[in-house]
Amino acid sequence: MTDPEKQAIEQPVETTAGTEAQEEQQVAASVDNVAEEPVANDEEVCSAEEERVTYTSKEQIMERMRELAESDALAERTELDTLKQVYYRLQKAVMMDAYREHIDGGGEPETFVQPADETEGEFKALMTQLRARRAEAAAEQERIKAENLSAKLRIIERIKELAASPEQANGAFDEFRTLQATWKETGAVPAEQATTIWKTYQLYVEQFYDQLKMNNELREYDFRKNLEVKTRLCEQAEALAAEDNVISAFQQLQTLHQEWKETGPVARELREEIWNRFKEASTVINKRHQDHFEALKAAEEENLAKKEELCVFVEEIKPEELTTFAQWEDKTKEVLAYQAKWRTIGFATPKMHNAVFTRFREACDKFFSAKSEFFKGRRAAEQANVEAKTRLCEQAEALKDSTEWRATAEKLQALQQEWKQTGPVPRKLSDELWKRFRGACDAFFSAKAEADKGTRGAEQENLAAKRSLIDELKALAEQAEGDVIAKVKELQARWNEIGHVPFREKDKVFGEYRAICDKLYDEFGRQKMGRRMEGFRRNLETTAQQGGDALARERDRLLRIRDNMRQEIATYENNLGFLTASSKSGNSLVDQMRRKAEKLREELALLVEKIKTIEKEM
């Protein structure tokens, strides 16, 4: 409170007008308190309601802008700010949709051209026009308020002169009433001086009444008229409690308070009663007004919490975990659902409304930017995959007419495996490339199948021949006379001369063949080894009869052979560890090396027995 205000309130008044001053100060205090409510004037009340209008398209905004431009009433600042904010928010949304469509269609970010906005020029012109009208009106209002201030200061100065003495006051009552009427007719003054000048006015009005010594009838008449006015104001204030529109009731109450301030005092004994009645009616309206805005604030707080939750949902998305097109599309649907839900939620608290929207928009922009980068990188990878799969198609097409069935089949199978390992290609090329590659492979394998039909009969005959040969080997295992091993080798030579058998029977029939051969070599090989040792022992007796170091020389010779044989066996075993048997020729080589190694082991065992025999003889 400024010093003039303190002087206006604290200056002592010793006459009957002291209670009048107290009453008017209570009115002033009531009005000051009302001014501290969430909505203090008409423009702010309208702004609070109109801010909650939801615009979903730029066409709606342009229609409202044209209405405001054609209307004689001034557009409110808060509404213009809201229209501008929503207009450019919608414009950015359209631009982002166009950008994503451009990127999804295969375009590069640097080639994107923002779509033209046909309404932006008109929007800017209308906004400039409306703001200019507001600026002109505001300047005119300030000029008028300044004139009103000068007029009221003159009225105060004149009432101050009339209240200088009882004689002047008694002789100028009519002029005093005229000055009061002029005061009421004079409009508003600058807001920063309104309270001070009103309190100063009330101060000198009270001083005038203090000096007034006219007859009581005129005074009582004045009190009676004031009581009628204030009683009517109480009744109107009480009736506002039934008003459905809380904002309208509050606005009307401000008008009633203004009129109360401009009405003079009533009789001393009625002053407190009439003031309490008016104050109680005002309290009801103020309470409803406060409850309305508290409920509105609670709803806005709830909306803020819902919007912050949506922000968290989008912010917690981790683009690095989205590695496929399907995952990105699923997550995009989620984000679009969050955006749709956002539009269904009302306004948040005024202080946080723009901040939470900016937060949500930035989170969405970050997601869609990451998606754009992912699709851009995937397009480059897909193009490389297109080139790789096109190359595989060309290689398969070059092989599809080949008649080298086995070798070509292996090559095509390798190409098929490489195809599986090659990444995805754009959907529009996927089927085309796959049909081309599969067509080449199918052409070859169909031709191979036709060629194989002629060889199946021969393979069945070969299978029967090999099974007959296995039966002969089994028969040899049951006899114990003659040179069985020689007959086994003869049958093995015949086995190698027989051609291919059906693929499904190959491993089974070879397993039976190998098992019977191993059995024969194990049983009859030992018999042969025994016969050879008998001959060696007879020869050893002859060598021993020669005397000297003959036995030692023979043992040394056999030891050298043994060491060479062990080294040769180790070489075979090492080579077998590196060889693969993925083809028929590979199987044949492995089997041949394995047989040689086994033969060497048999010879080595015989050689060891010979060395032991020599050492025993020595």
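Buried residues, defined by a relative accessible area under 20% (1.4 Å probe, protein chains only), make up 35% of the 618 residues in the chain. The model is predicted: local features need pLDDT of at least 70, side-chain atom pairs count only at pLDDT 80 or more, and totals for chains, interfaces and linings use all residues. Residues are numbered from 1 along each chain as its sequence is written, and side-chain values use heavy atoms, with hydrogens and water left out.

The secondary structure comprises 20 helices and zero strands, assigned as DSSP runs (H or I, at least four residues, for helices; E, at least two, for strands) and numbered from the N terminus.

Helix α15 spans residues 405-421. Its 17 residues reach 24 Å from the first C-alpha to the last, close to the 24 Å expected at 1.5 Å a residue, the expected span being 1.5 Å times one less than the number of residues. Within α15, T408, A409, L412, L415 and W419 are buried. These residues cover an arc of only 120 degrees around the axis (taken from the directions from the axis to the C-beta atoms), which puts them on the same side of α15. The face turned away from the buried side carries R406, K420 and Q421, which are exposed (over 50% relative accessible area).

The axes of helix α14 (residues 350-399) and α15, fitted to C-alpha atoms over the stretch in contact, come within 10 Å and cross at roughly 165 degrees. The two helices are therefore roughly antiparallel, a class assigned to angles over 145 degrees. Contact (heavy atoms within 4.5 Å) involves residues of α14 including L392, A396 and L399, and residues of α15 including T408, L412, L415 and W419.

Definitions and conventions:
Axes are lines fitted to C-alpha atoms, for helices over the stretch in contact, and angles run from 0 to 180 degrees between N-to-C directions. Angles under 35 degrees count as roughly parallel, over 145 as roughly antiparallel, 65 to 115 as roughly perpendicular and the rest as oblique.
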